Amino acid sequence: MIPMSGRRSRRSLGAVTPADWDRLHALRRMQGIALGLLCFMAVVFVISFALEARYPWLSYVRAASEGGMVGALADWFAVTALFRYPLGIKIPHTNIIAERKDEIGEGLGSFIEENFLADDVIDAKLAEISGSQIAAEWLTVPENADRAAALTAEALTAMLNVLDDRDVQQLLESLVRTNIIEPDWAPTIGRATATFVDGGHHEAVVSIAADRLEQWLVEHPHVFDNMVSAQLPAWVPSIVSGFVDSKLHAEAVKFAHNLATDPEHPFRATIGEFIGTLGRDLQTKPSLQQQVESLKAEVFDSPRVRALAEHTWDMVRSALTIMLADPESELRRHITAAFSQFGNRLASDETLRTKIDTWITAAASHLVRKYRHDLSQVVVDTVERWDAKEAAEKIELQVGKDLQFIRINGTVIGALAGLAIYTIATLVIGPLAH
C-alpha cells in the first residue's frame, strides 16, 4: 500500500507512484534474499568451525562459508557505497552518486549527445521510418480521419478560448481601418462603377428596379395618388384632382412596365450614361471625392468601427465554437474530408510521400544538429536541480533490485573461491608442510 503521508523517508526512497512502490517492494525482497544468504553463510561457518576438529571434512565447508561471507560483505559494501555511507561512516570514495551527482549528470548528458543524438544515428533512424506512409495508412481509415478532425476541433476550440477578446477586436479594428476605412473610397467606387456599366451589368439592375416599381404602383395606388394630390393647389376641384391622380398613376405604371420589359427604352440609356458619368467623376473630381470621404468618415467613425469589430468577432467566435463542437456540422465534415483526402493522396502519390519524407528528415536533422547540445543540457540541468540524497534514492529505486544480484553472486562466487583456494592449499601446500 502507498502511505497516506507525503513525507519522504529513507526506507521509502521517495516512492510516489504505484510503479515506484512496486519497484521498492521488489528491491526490499531482493535485499532480504541477499541478507538471508549472508546469514546462512555465517551460520554454516559457525557450525563448521565448531565441529571442524571432530569432522575434518568440515574444513572445506568452513572455507566455502568463510569465502561466501567475505564476498557477501565486500559486495554489500560496494553496492551500498554507491548510494550512501556504509553504516553511516564517511569512508572516502563512498556515497558516490550523491557526492558526484553533477558530474554524473554531465557525463550522462554528454553520452546522450554523442551516442543518441549523433548525426549518423539520427539519419539512420529517420531513413528507416516513412512518416508519410504511416500517416497515409492511418488517415485512410475513416475512424482515424474522424479522430484527427476531432483533435483539430479541440485544438481550435482551445485556441478560441485562450485568445483575448480585446486583442482580437483591436486587431480586427486595425485591419478594417488599414485596409478598408483609410484607403480612398471614391476612386475605387468609380472604377467599379465604370466597369459595371461598361459590362452592361446595370441593365439587369434597372429591369429589377423597374419591375419592383411597377408592382408597388399597382399594389399601392392610393399612396401614389396621395403623393400627387399633395402637390396640387388647394383650389383645384376634387374631381380634377382625382382625374389627375388616376391619369398620372396609369402613366407611371405604363412607364415602369415599359422600362422593365423594353431593353431599348431611352431611359435605360439615360440611366447608363448617368451611372457612367458618376463613375468617371468619382475618379477625377476632387470635390466629389471629398464628399464621399466625408460621408465615409461620418458613417464609419471610431465608435462604429470598434462596435463593428466587436460584433464581427463575437459572431465569428460563437459560430466557430458551435460548429467545432458539433461532429455533424459542415465545418467538421469539411475537416474530416480534408484529412481523408490528404491520406488518400499520400497513399497514391509516391512522389509526394518522398517529398514529405525528405522534408521531415531534413527538418529533423537540422533541429537535432542545432539543438543537440540544448537537448542533452536538459538532462544535465535536471540532474543538477535534484537534491543529492534524492538523486541517489531515485537511482537506487530504479536499479537497486538488479544490483542485489551482485551481492548474491558475490556470496556464491566467494564461497566457491574460498573452497577452491582451501582445496588447492590443502593439496599442494599440505604435503610439503609434512
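**Cavity, pocket, pairs and overall form**

Guide: In this predicted model, the largest cavity has a volume of about 30 Å³.

Visitor: How many cavities of 30 Å³ or more does a search of the whole structure find?

Guide: The search finds one.

Visitor: What makes a space a cavity and not a pocket?

Guide: In a cavity, a 1.4 Å probe fits but cannot get out. A pocket is an open set of points.

Visitor: Which residues line the largest cavity?

Guide: Ala 34, Leu 38, Ala 72, Arg 407, Ile 408 and Thr 411 line the cavity. Two elements, α1 (18-51) and α18 (388-433), each give two or more residues to this lining. The largest share, three residues, belongs to α18. By class, four lining residues are nonpolar, one is polar and one is charged.

Visitor: What is the volume of the largest pocket?

Guide: The largest pocket holds about 460 Å³ of space. Its lining has 22 residues, and Gln 31, Trp 76, Thr 80, Arg 84 and Arg 407 are the closest to its centre. Elements giving two or more residues are α1, α2 (58-83) and α18. Here the largest share, six residues, comes from α1. The lining counts ten nonpolar, six polar and six charged residues.

Visitor: Why is the contact of Arg 100 and Glu 103 called a salt bridge?

Guide: The N to O distance between their side chains is 2.9 Å. The cut-off is within 4 Å. The pair therefore meets the definition of a salt bridge. The structure holds 13 salt bridges.

Visitor: Are Arg 100 and Glu 103 buried or exposed, or in between?

Guide: Arg 100 has 45% relative accessibility. Glu 103 has 47%. Exposed means over 50% and buried means under 20%. So Arg 100 counts as partly exposed, and so does Glu 103.

Visitor: What is the distance between the closest N and O atoms of Glu 203 and Arg 268?

Guide: Those atoms are 2.7 Å apart, and the two residues form a salt bridge. Glu 203 lies in helix α10 (residues 202-219) and Arg 268 in helix α13 (residues 266-284), so the pair ties together parts 65 residues apart in sequence.

Visitor: How do you know whether Arg 268 is buried or exposed?

Guide: Arg 268 has 3% relative accessibility. Buried means under 20%, so Arg 268 is buried. Glu 203, at 28%, is partly exposed.

Visitor: Where do Glu 293 and Lys 296 lie?

Guide: Both are in helix α14 (residues 286-299). They are three residues apart, and therefore separated by about one helical turn. Glu 293 and Lys 296 are buried. Elsewhere, salt bridges with shared partners join Glu 52, Arg 62 and Glu 66 into one network.

Visitor: How many helices and strands are in the protein chain?

Guide: There are 18 helices and zero strands.

Visitor: Why is the protein chain called more spread out than a compact globule?

Guide: Its radius of gyration is 47 Å. The globule rule gives 22 Å for 434 residues. The value is well over the rule, so the chain is more spread out than a compact globule. Along the principal axes, its C-alpha atoms fill a box of roughly 165 × 50 × 45 Å.

Visitor: What percentage of the 434 residues is buried?

Guide: Buried residues make up 29%. Among contacts with a separation of 6 or more, residues 24 or more positions apart account for 69%.

Definitions and conventions:
Residues are numbered from 1 along each chain as its sequence is written. This is a predicted model: local features need pLDDT of at least 70, side-chain atom pairs count only at pLDDT 80 or more; totals for chains, interfaces and linings use all residues. Side-chain values use heavy atoms; hydrogens and water are left out. Buried means under 20% relative accessible area, exposed over 50%, partly exposed in between (1.4 Å probe, protein chains only). Helices (H or I, at least four residues) and strands (E, at least two) are DSSP runs, numbered from the N terminus. On a 1 Å grid over the protein atoms alone, a cavity is a set of points where a 1.4 Å probe fits but cannot get out, and a pocket is an open set with protein on both sides within 12 Å along at least five of seven lines; lining residues have an atom within 4 Å of a point. Grid points are joined across faces, edges and corners, and a volume is the space filled by probe spheres set on the points. Ala, Val, Leu, Ile, Met, Phe, Trp, Tyr, Cys and Pro count as nonpolar, Asp, Glu, Lys and Arg as charged, and the others, Gly among them, as polar. The radius of gyration is taken over C-alpha atoms; the globule rule is 2.2 Å times the number of residues to the power 0.38. Contact means heavy atoms within 4.5 Å.
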